[in-house]
Structures are given as C-alpha cells and as structure tokens.
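Hello,

Here is the structure I promised to pass on.

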Amino acid sequence: MQQETTHQKPKSKHRRRLLPNGRPVFVIVTAVIVLLLGWQVISAFAVTNETTPAVQVTVNDSIFADGWFFRDETTITGGTGDSIKHIVYSGERVQQNAALAVVYADEQALMLSRELDPLENRIALLDTALQSATDGADAAKIDQMIILQLQQMAAQAKSGTGSALSTASNTLRTLVLRREAGNADSAAITAERDALLLEQSSLNAQLAGHTTQLTAPTSGYFSEVVDGYEDILTLDVLEDLTTEQFHELTGSNPQKDDASLGKMIEGFSWYLVSEITTEQASRFYEGQSLRVNFTQASLETPVTVHAVLKERGADTALLVLEGTEFNSEMVSMRQQPVEIILATYTGLKVPKKAVRIQESTDSSGNTVQQTGVFILSGSFQKFKVINTLYEADDFYVVEQSATDVDMLVEQDQIIIRGKNLQNNMVVKK
C-alpha cells in the first residue's frame with residue numbers, strides 16, 4: 001500500500017500574536033496612552049494651589065560663639081565669714097576709696113551693729129515726721145511722690161542695683177510717714193526720738209575700736225564673685241593674643257581665693273573675646289558697632305569691635321568686643337555663650353520655593369525680568385515683586401510696602417505650589 005505524506009504549510013513568522021481573549025496588544029497600549037494623555041490634560045486645568053500667608057518677622061544676621069571676659073580685676077581681702085557687712089552690691093559702680101564693707105572684730109560687735117541699723121532708720125523716720133507735722137505737707141503732692149518712688153524702685157529691682165533699691169525703700173517709708181504725719185502727736189514723737197538717740201549713743205560707744213572699713217582700691221564696678229581668672233585674663237595679654245595662647249589661658253584651671261571679699265573690676269569698660277572662623281572674621285572691622293546677646297542670661301547690650309586678631313594660614317581668628325554697660329549679672333560672668341548680632345531685619349517671610357522670575361516688557365519694548373511671588377487674591381492669581389532684605393536657609397525676608405499695590409503686603413496668600421501660574425489669571429474653584 002502506498003503511504004500518503006501530507007505536507008503542512010509552514011507558519012509565518014509575522015503572524016499576529018493573540019492574547020488569551022483574542023484582543024490585540026496594540027489596542028491595550030493605545031488605551032493606556034489615551035488615559036495618560038487625558039490625565040495630563042485634566043491635571044493641567046485642575047486647581048492645586050498651595051498657599052501660605054505673608055507674615056511679618058524679625059530676624060538677626062548673627063554669629064553664635066563662646067565669649068570670655070578679659071578685664072583688669074583686683075581681689076579684695078581683709079575679712080571673712082559672718083563678721084562682714086556689705087555696703088555695696090554686685091554690679092554697682094563705686095569710686096576709689098569708697099566704702100565697700102565693714103569688718104567686725106567679733107560676733108558680739110556684729111550683733112551690736114545689727115541692733116543699730118533699725119535704730120538709725122527709726123530715728124530718721126521720726127525726724128521726718130516731726131518736720132512734716134510742723135510744715136503742713138501737701139497730701140496730694142506727697143501721693144504723687146510716692147507713686148514716682150514706686151516706679152523708680154521697680155526699675156532698680158529690674159536692673160539689680162541693690163544699694164540703690166535699699167535707699168529707695170527708705171525714701172518710700174519716709175514719704176508714707178510724711179503722708180500720715182498730719183495726725184501725729186508731736187510731743188510723743190519727740191519723746192520716742194530722744195530715747196532712741198540715747199540708745200544709739202550707747203551702742204556706738206560699745207562698737208568703738210571693734211570695726212574696720214574696707215574701701216575700693218580703684219574706681220570701677222564691684223563684684224562678689226571671684227573665679228581665679230582675675231590675674232590670668234587681663235587686658236595686658238589682649239593686644240598680642242594668639243589663638244594658641246587663648247586656648248592655654250582659658251583652658252587653665254585656676255584656684256579661686258575663698259578668703260576674698262570680692263573684687264573690683266577696674267575702669268568702666270569690659271572686653272569679650274570669641275574664637276570664630278576666618279570666613280566669619282572677614283565680616284568684622286575695628287570700630288564696628290554691633291550688639292551682643294548673652295543667650296543664657298537673656299541680656300542684650302551694644303558693643304564695638306576692639307580688634308580682629310588673625311594669623312596667617314589659620315582657620316580661626318579671635319574677635320575682641322568692647323562694651324560699657326554693666327549690671328549685677330554681667331560682673332559675675334566669665335564664660336558665656338553669645339549671639340553676635342551684625343544687623344536685624346524686619347519684613348515679610350517668603351519661602352524660597354515660592355519665588356518666581358517673571359518676564360515683562362517695559363515702555364521701550366525691552367524684556368525685563370522681575371523677581372517675585374504669585375499670590376491668590378480671591379479668584380485671581382497675581383504676581384507681586386519682592387525686594388530681598390535678608391536670606392536665610394529656606395526663606396527670604398523681603399521689604400514690606402503699605403502703598404505699592406505691586407509689592408507684597410502682610411497676609412497676602414503666597415502660592416508656594418501651583419500650576420499654570422500667570423498674572424491676573426482666573427482660578428476656577
């Protein structure tokens with residue numbers, strides 16, 4: 001039997017490939033492309049503006065560092081323990097030879113002194129009462145003086161002037177007594193005053209030869225705090241001070257004299273030395289006016305640049321600042337973290353990511369570029385020009401105008417993210 005051979009037609013290499021459901025691949029691809037294009041068209045016309053209000057801020061252009069006080073200081077000795085009674089307080093300005101404290105020979109002498117203080121105050125008040133009872137003091141005028149004295153005491157308490165506050169409180173007591181003197185019995189006041197004078201004389205006689213007065217060796221400011229650096233961080237070393245010497249001096253661990261009464265800060269100026277980078281040092285020059293904020297003490301004071309000490313090839317330099325304002329906190333300071341303020345700027349805060357460059361044509365037909373931001377005003381996008389005052393890491397402080405409608409004003413809604421930003425464009429909601 002003859003065998004028949006059947007020859008099949010070879011399959012074409014270009015035959016259309018079918019999906020399981022039989023639909024061509026290109027149909028699916030086309031559908032995906034159409035969907036993507038449609039999404040892009042919808043997104044282009046969708047309103048997705050993200051805004052933030054323009055708020056007023058005040059920022060410092062400043063450098064942070066550690067400051068060390070260099071001063072000419074003289075320690076005061078001559079008495080210890082409870083046998084001393086201070087006459088002045090830390091931060092007070094005194095003249096040479098002025099009384100600082102009284103030293104008592106023994107505990108008994110100190111106790112007699114403590115008995116004398118209220119006697120002397122009471123005698124002074126009685127003298128005032130007698131005078132007021134005879135001169136017919138005007139009550140309304142005294143009331144006004146009492147109010148002024150209270151205001152003065154509040155200011156002295158804030159500044160920390162201890163002895164001045166003590167004197168002011170005595171004055172206030174005197175004024176109050178004068179206010180009530182009209183109803184006082186002059187004969188009774190005189191009798192009490194004479195008895196107190198006799199007691200005062202007796203106590204003074206017992207104290208004779210048992211007290212010594214400590215006086216200021218020089219004019220300046222008094223401080224009760226002694227830290228051991230008084231003979232180390234002096235003004236003599238400032239002029240030729242190097243960074244290495246600065247490290248040696250401030251890194252020492254001096255022993256303070258526990259037997260000292262306190263110290264006098266000579267003169268009426270102080271010097272603050274800080275180590276900064278050479279790049280930062282290039283921003284300072286001798287005689288420059290600055291401000292220093294002692295961050296831990298919340299104390300700010302004006303200063304001038306006394307010197308900028310640079311060494312060739314060094315990465316750091318020493319900035320020497322000079323100040324003249326003193327108070328009770330400052331005289332006790334030695335090392336403090338400080339903010340050295342070069343300038344302060346007040347304006348509107350603008351995020352950097354909101355800033356745009358807008359091209360326009362001037363009256364001469366030239367194309368100009370303006371820096372500004374788009375804001376959302378009602379249903380409109382508006383472009384507003386900005387003038388930068390200060391640049392921070394992620395925002396600008398810009399000038400604020402109260403009259404120019406083309407410039408940014410407070411509470412404008414700045415568009416920080418949006419699409420199709422155009423001036424005077426209507427935004428559909």
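Strand β17 (residues 380-385) runs antiparallel to β16, and 6 bridges join the two. Strands here are DSSP runs of E with at least two residues, helices are runs of H or I with at least four residues, and both are numbered from the N terminus. Two strands pair if DSSP finds at least two bridges between them. Within this pair, Ile 375 has Lys 382 in β17 as its bridge partner. The hairpin of β16 and β17 leaves 2 residues between the strands, and Gly 378 there takes a positive phi near 65°.

β16 (residues 367-377) also pairs with β15 (residues 355-361), in the antiparallel sense over 7 bridges. Gln 358 has its bridge partner in β16, namely Gln 370. These strands form a hairpin too, with 5 residues between them, and Gly 365 in the turn has a positive phi of about 85°.

Please keep in mind that this is a predicted model: local features need pLDDT of at least 70, side-chain atom pairs count only at pLDDT 80 or more, and totals for chains, interfaces and linings use all residues. Residues are numbered from 1 along each chain as its sequence is written, and side-chain values use heavy atoms, with hydrogens and water left out.

As for the whole protein, its secondary structure comes to 7 helices and 21 strands. Of its 429 residues, 35% count as buried, meaning under 20% relative accessible area (1.4 Å probe, protein chains only). Among contacts (heavy atoms within 4.5 Å) between residues at least 6 apart in sequence, 76% join residues at least 24 apart.

Enjoy exploring!

Note on methods
Buried < 20%, exposed > 50% of the residue type's maximum accessible area, 1.4 Å probe, protein only.
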